[in-house]
Amino acid sequence: MDFSLNDEQKMMIDTLRRFIAEELHPLEDALEEQGFLAKEKALAVFNKSKELGLYALNMPAELGGGGLTALDRIICEEQFGHTSDYLIRRAFGNVYEPLLECKGAQVDRWLKPTVQGARTCSIAITEAGAGSDAAGIKTTARKTDAGWVLNGSKCFISDGEWSDFYLVSAKTGDKEISMFMVDKGLPGFTLGKDQKMMGLRGTPHLELYFDDVVLEPVCLLGEQGQGFKLAMGALNVVRLAQVGARAVGKASHVLELMLDYANQRKQFGQKIGDFQMVQQQLADSVIEINAARWLVYQAAWLLDQGVDAREQIAMVKVFAAEMLGKVVDRAVQVFGGMGFCKELPIERYYRDARVYRIFDGTSEIHRTVVARMALKKGAVLFDVHR
């Protein structure tokens, strides 16, 4: 049992930290104020990331990706948490694992261009009546002699405006869900409004509408009826990487700011870091960040061993998301009035953190998953050796 980072992992972290500090942090304030990033700046960030081999790190090397293990990817995702969601997407890509199911003509049409950054996709599962209940979708795909006809709608599709195709889950039978690759611009496919959010400024969250959209047979991803499995596999990775690991990174970033402020700000003739009430908030944050990190790393390690880690990832989703919420809330308190002002980024981190307990399955849903599995499997979920 070795908890140390190897030299390659340390180098990877240093490279990402330097890139984020030099290329992404300078763009954050303007992105927050304007709500968008000029396309030429987004392209410049993408090109620099590609040059350093930082794009699509989760994809196999033979396709042009980083070829990282699950654990190495998670270590990178933790560093991504030190910047804004939109900038992460532009710099490092958002290539979803279900695309690895592409075969034949699909590889050159969708998979390779996405790994290379020539195409961008979003995953479209959520509907107005199907959030945490991904199996409750109403969107349908009816099979025809010419392929499929897609009808329905999706909502809260992250990066929907930027993407040029979508991984869409649809019912292809009473109890059957399949996944389709749907190109933007097809007749009958329209983009709805961008749902403005409390946080995550810059990242669009679109509605999608499908009205008798004709799809070629090649648009079916994987096998018919495999869609729910693909969706859940993708969401599990998202929960671990984009929620769990990034929550740890974001909380670490916020805590560094808290420590600096507590060492500099004086009240009643002494640094506020000398007050025990402030020290408790700092100590609790240090403890919880470390606990969340090792929960995340263990789940990633299990994936690398070929183990089904659904229960561990559910634990990660709850603990890391709620840990982040507590850390940023303490940061607002430590910074006092300045923590509530837009002059400093603390209030932005506070707003951005709130959705972590909601998206990709609420904390309540994941607690239910963990409880049910504990009742079914017993001590194997929490004892060191059973």
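The loop between β3 and β4 holds Asp159, where helices (DSSP runs of H or I, at least four residues) and strands (DSSP runs of E, at least two residues) are numbered from the N terminus. In this predicted model, local features need pLDDT of at least 70 and side-chain atom pairs count only at pLDDT 80 or more, whereas totals for chains, interfaces and linings use all residues. Residues are numbered from 1 along each chain as its sequence is written, and side-chain values use heavy atoms, with hydrogens and water left out. The phi angle of Asp159 is near 65°, a positive value in a residue other than glycine. Asp159 has a relative accessibility of 1% and therefore counts as buried; buried denotes under 20% relative accessible area, exposed over 50%, and partly exposed the range in between, with a 1.4 Å probe and protein chains only. A positive phi is also found at Phe156, again a residue other than glycine, with a value near 55°. Phe156 belongs to strand β3 (residues 147-158) and, at 43% relative accessibility, is classed as partly exposed.

Strand β3 takes part in two antiparallel pairings, where two strands are said to pair if DSSP finds at least two bridges between them. Strand β2 (residues 140-144) runs antiparallel to β3 and is joined to β3 by five bridges. Within this pairing, Thr144 has Gly147 of β3 as its bridge partner, and a hairpin connects β2 to β3 through two residues. The pairing of β3 with strand β7 (residues 205-215) is likewise antiparallel and comprises eight bridges. Here Lys154 is placed opposite Leu208 in β7.

Strand β4 (residues 165-173) is mostly covered, with seven of its nine residues buried. Four bridges link β4 to strand β1 (residues 121-124) in the parallel sense, and Ala124 stands opposite Val168 in β4. With strand β5 (residues 176-183), β4 forms an antiparallel pairing of eight bridges. In that pairing Lys171 lies opposite Ile177 of β5. The two strands β4 and β5 form a hairpin, with two residues between them.

Among the helical elements, α9 (residues 346-354) has seven of its nine residues buried and is therefore largely enclosed by the rest of the structure. The buried residues of α9 are Ile346, Glu347, Arg348, Tyr349, Arg351, Asp352 and Ala353. Their cover includes α1 (7-34), α6 (227-264) and α8 (310-335). In general, an α-helix has 3.6 residues a turn, so residues three or four places apart point the same way.

Helix α1 also contains Ile20, which at 2% relative accessibility counts as buried. When residues up to four places away in sequence are not counted, Ile20 touches His25, Pro26, Gln79, Phe80, His82, Thr83 and Phe92, a contact being defined by heavy atoms within 4.5 Å. The C-alpha atoms of Ile20 and Leu257 are 16 Å apart in space, while the two residues are 237 residues apart in sequence. Met1 lies in the segment before α1 and counts as exposed, at 93% relative accessibility. Between the C-alpha atoms of Met1 and Asp308, which are 307 residues apart along the chain, the separation is 20 Å.

Considered as a whole, the protein has ten helices and ten strands. Its radius of gyration is 21 Å, close to the 21 Å that the globule rule gives for 386 residues, so the protein is as compact as a globular protein of that length. This radius is taken over C-alpha atoms, and the globule rule is 2.2 Å times the number of residues to the power 0.38. The C-alpha trace spans about 80 × 55 × 40 Å along its principal axes. Of the 386 residues, 50% are buried. Among contacts with a separation of 6 or more, 73% are between residues 24 or more positions apart.

The protein carries 46 positive and 51 negative charges, whose mean positions are 3 Å apart. In this count Lys and Arg are positive and Asp and Glu negative, with His and the chain ends not counted. Each charge is placed at NZ of Lys, CZ of Arg, CG of Asp or CD of Glu.
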